[in-house]
Amino acid sequence: MTSPFDNLAGPGKALRPEPPDANEFGGLQRMGLARLQDAQKPDLALESRFDLAYNAAHALCLAALRWHGYRSGNRFIVFQLLPHTLGLGPEVWRVLSKCHDARNLGEYEGMLEVDTRLVTDLITACKQVADKLGALPPITSP
């Protein structure tokens, strides 16, 4: 049976196989957790908290993809693959998808519209990703 990763890997596709790297994984995890912690500081501007939480989620989801031995040049695919990388359902990846859309509007069109609820939901989703990521076994060298 072909895995969802295999279906998306290859020339011209969203993923490429690349052996997991414990140092890269650890760096992405540390960066994600630091940003997640900062995103929870209520004295920061809501837009800053959103940016920190979004980038935390992306780093943690990318770490999960790297743990499985794949790399992607597409920011969004790391969220779409959460059911396969960390076993997380639509209640998490739909929030991350909505935040990805909001982030793109802000980055490319200067129209970042976030509210407290969206940031709170994003932080909650990011914590779920962090918990699942933290439960993965260590990467062992071949």
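His58 is buried (under 20% relative accessible area, where exposed is over 50% and partly exposed lies in between, with a 1.4 Å probe and protein chains only), as its relative accessible area is 12%. The model is predicted: local features need pLDDT of at least 70, side-chain atom pairs count only at pLDDT 80 or more, and totals for chains, interfaces and linings use all residues. Residues are numbered from 1 along each chain as its sequence is written, and side-chain values use heavy atoms, with hydrogens and water left out.

His58 sits in helix α3; helices are DSSP runs of H or I with at least four residues, numbered from the N terminus. Of the 22 residues in α3, 16 are buried. Gly69, with a positive phi near 90°, follows the helix.

The largest nonpolar core has 44 residues, and Phe50, Leu96 and Val129 touch the most other members. Such a core is a set of buried Ala, Val, Leu, Ile, Met, Phe, Trp, Tyr and Cys residues joined through side-chain atoms within 4.5 Å. Helix α3 gives the largest share of this core, 12 residues.

The table lists contacts (heavy atoms within 4.5 Å), leaving aside neighbours within four places in sequence.

| Residue | In contact with |
|---|---|
| Phe50 | Cys99, Ala102, Arg103, Leu112, Val114, Leu118, Val119, Leu122 |
| His58 | Arg75, Val78, Phe79 |

How values were computed: Helices (H or I, at least four residues) and strands (E, at least two) are DSSP runs, numbered from the N terminus.
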